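Please walk me through this structure as an explanation in connected paragraphs, with the cut-offs behind each term stated along the way.

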Amino acid sequence: MKELMDKINGLVEAFTKDATAQVENGNKAAGMRARKASLELEKALKEFRKESIAAAK
């Protein structure tokens, strides 16, 4: 679970950095990276949800 949390935190940081670059500077490549990070983040959050539910049982 700790490893998953570290992965999620890293993805959030990457998303924030790239999304900010897109919004503030109009960097299109950063926008693409932010969208990719958001998809990876979605998968990681779903995995966290599954592990969290299993740990609560």
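Glu 51 is partly exposed, with a relative accessible area of 28%, where buried means under 20% relative accessible area, exposed over 50% and partly exposed in between, computed with a 1.4 Å probe on protein chains only. This residue is found in helix H2, helices being DSSP runs of H or I with at least four residues, numbered from the N terminus. Leaving out residues up to four places away in sequence, Glu 51 touches Met 1 and Leu 4, contact meaning heavy atoms within 4.5 Å. Glu 51 and Glu 3 are 48 residues apart in sequence, while their C-alpha atoms lie 12 Å apart in space.

The model is a predicted one, in which local features need pLDDT of at least 70 and side-chain atom pairs count only at pLDDT 80 or more, whereas totals for chains, interfaces and linings use all residues. Residues are numbered from 1 along each chain as its sequence is written, and side-chain values use heavy atoms, with hydrogens and water left out.

Two packed helices are described by the angle between their axes and the distance between the axes. Here helix H1 (residues 2-25) and helix H2 (residues 28-56) pack at an angle of about 155°, with their axes 8 Å apart; the axes are lines fitted to C-alpha atoms over the stretch in contact, and angles run from 0 to 180 degrees between N-to-C directions. That angle makes H1 roughly antiparallel to H2, a term applied to angles over 145 degrees. By class, the contact of H1 with H2 has 15 nonpolar, 3 polar and 6 charged residues, with Ala, Val, Leu, Ile, Met, Phe, Trp, Tyr, Cys and Pro counted as nonpolar, Asp, Glu, Lys and Arg as charged, and the others, Gly among them, as polar.

H1 itself has 24 residues and reaches 34 Å from its first C-alpha to its last, close to the 34 Å expected at 1.5 Å a residue, the expected span being 1.5 Å times one less than the number of residues. In H1, Leu 4, Ile 8, Leu 11, Asp 18, Ala 19 and Ala 21 are buried, and the buried residues of this helix pack against H2. Asp 18 has a relative accessible area of 8%, and, apart from its neighbours within four places in sequence, Asp 18 is in contact with Ala 30, Gly 31, Arg 33 and Ala 34. Just after H1, Gly 26 takes a positive phi of about 70°.

Glu 42, also placed in helix H2, counts as partly exposed at 40% relative accessibility. Glu 42 and Leu 11 are 31 residues apart in sequence and 9.7 Å apart in space, C-alpha to C-alpha.

Terms used: Helix = DSSP H or I, 4+ residues; strand = E, 2+ residues; numbered from the N terminus. Parallel < 35°, antiparallel > 145°, perpendicular 65-115°, else oblique.
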